[in-house]
Amino acid sequence: METNCPNCGGDLGYGKDENGNYTIPICQGGCKLDPDMAAGLRQVMELELVRPTTKRLVTSVFFDLPKEALTPAVLVDFEIHDKEDWLRLYYYIKSSRFSPMALDKALGNKDAIMDLTFTE
Ligand SMILES: [Zn+2]
């Protein structure tokens, strides 16, 4: 992904995350990136690494498509049976703590999906 640093206009590179994937944005000029921007860039990089079903769910939420636009595979893999299931995933994906890779890891595991999307 080609993006420039908003502070110095220099190139952005990507450092390794805890899983060894290059998803952590770093300004080559040494600036400290705004945390919200860094989190957003990381989400974009992670989205490149997830399975098609996960990508489909995330892009549906990003584009505000209705639940009816989801494929049967998405509904099954993410245990979406009713409006409540859908809204939990929807709000998680729209939240600042959203991680495409964490969501991808939870695919097919109802308990993991519930843990991930739990809101207090
Ligand atoms: Zn910079």
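Me: How many bridges join strand β1 to strand β2?
Reply: In this predicted model, β1 covers residues 12-16 and β2 covers residues 22-27, and they run antiparallel. Strands are DSSP runs of E with at least two residues, helices are runs of H or I with at least four, and both are numbered from the N terminus. Two strands pair if DSSP finds at least two bridges between them. The number of bridges joining β1 to β2 is 5.

Me: What pLDDT do local features need?
Reply: Residues are numbered from 1 along each chain as its sequence is written. Totals for chains, interfaces and linings use all residues, side-chain atom pairs count only at pLDDT 80 or more, and local features in this predicted model need a pLDDT of at least 70.

Me: Which residue in the hairpin of β1 and β2 takes a positive phi near 85°?
Reply: Across the strand pair, Tyr14 stands opposite Pro25 in β2. The hairpin has 5 residues between its strands. The residue with a positive phi near 85° in this hairpin is Gly20.

Me: In what order do the elements of the chain run from the N terminus?
Reply: The chain has 6 helices and 2 strands. From the N terminus on, the order is β-β-α-α-α-α-α-α.

Me: At what angle do helix α2 and helix α4 pack?
Reply: Helix α2 spans residues 52-62, helix α4 spans residues 83-94, and their axes are 10 Å apart. Axes are lines fitted to C-alpha atoms, for helices over the stretch in contact, and angles run from 0 to 180 degrees between N-to-C directions. The packing angle of α2 and α4 is about 80°.

Me: Why is α2 called roughly perpendicular to α4?
Reply: Angles under 35 degrees count as roughly parallel, over 145 as roughly antiparallel, 65 to 115 as roughly perpendicular and the rest as oblique. Helices α2 and α4 are roughly perpendicular because their angle is about 80°.

Me: Which residues of α4 do Leu57, Val58 and Val61 in α2 meet?
Reply: Two residues are in contact if their C-beta atoms, placed from the backbone, lie within 7 Å. Leu57, Val58 and Val61 in α2 meet Leu89, Tyr90, Ile93 and Lys94.

Me: Which residues in α2 are buried?
Reply: A residue is buried if 20 or more other C-beta atoms lie within 10 Å of its own, exposed if 12 or fewer, and partly exposed in between, with C-beta atoms placed from the backbone. On the other side of α2, Pro52, Thr59 and Phe62 are exposed. The buried residues in α2 are Thr54, Leu57, Val58 and Ser60.

Me: Within what arc do the buried residues of α2 fall?
Reply: The arc is that of the directions from the helix axis to the C-beta atoms. The buried residues of α2 line one face of the helix, because seen down its axis they fall within an arc of 160°.

Me: Is Asp64 buried or exposed?
Reply: Asp64 is found in the loop between α2 and α3. Its phi is near 55°, a positive value in a residue other than glycine. With 9 other C-beta atoms within 10 Å, Asp64 is exposed.

Me: How many other C-beta atoms lie within 10 Å of Glu79?
Reply: Glu79 lies in the loop between α3 and α4, and has a positive phi of about 55° although it is not a glycine. Glu79 is partly exposed, and the number of other C-beta atoms within 10 Å is 18.
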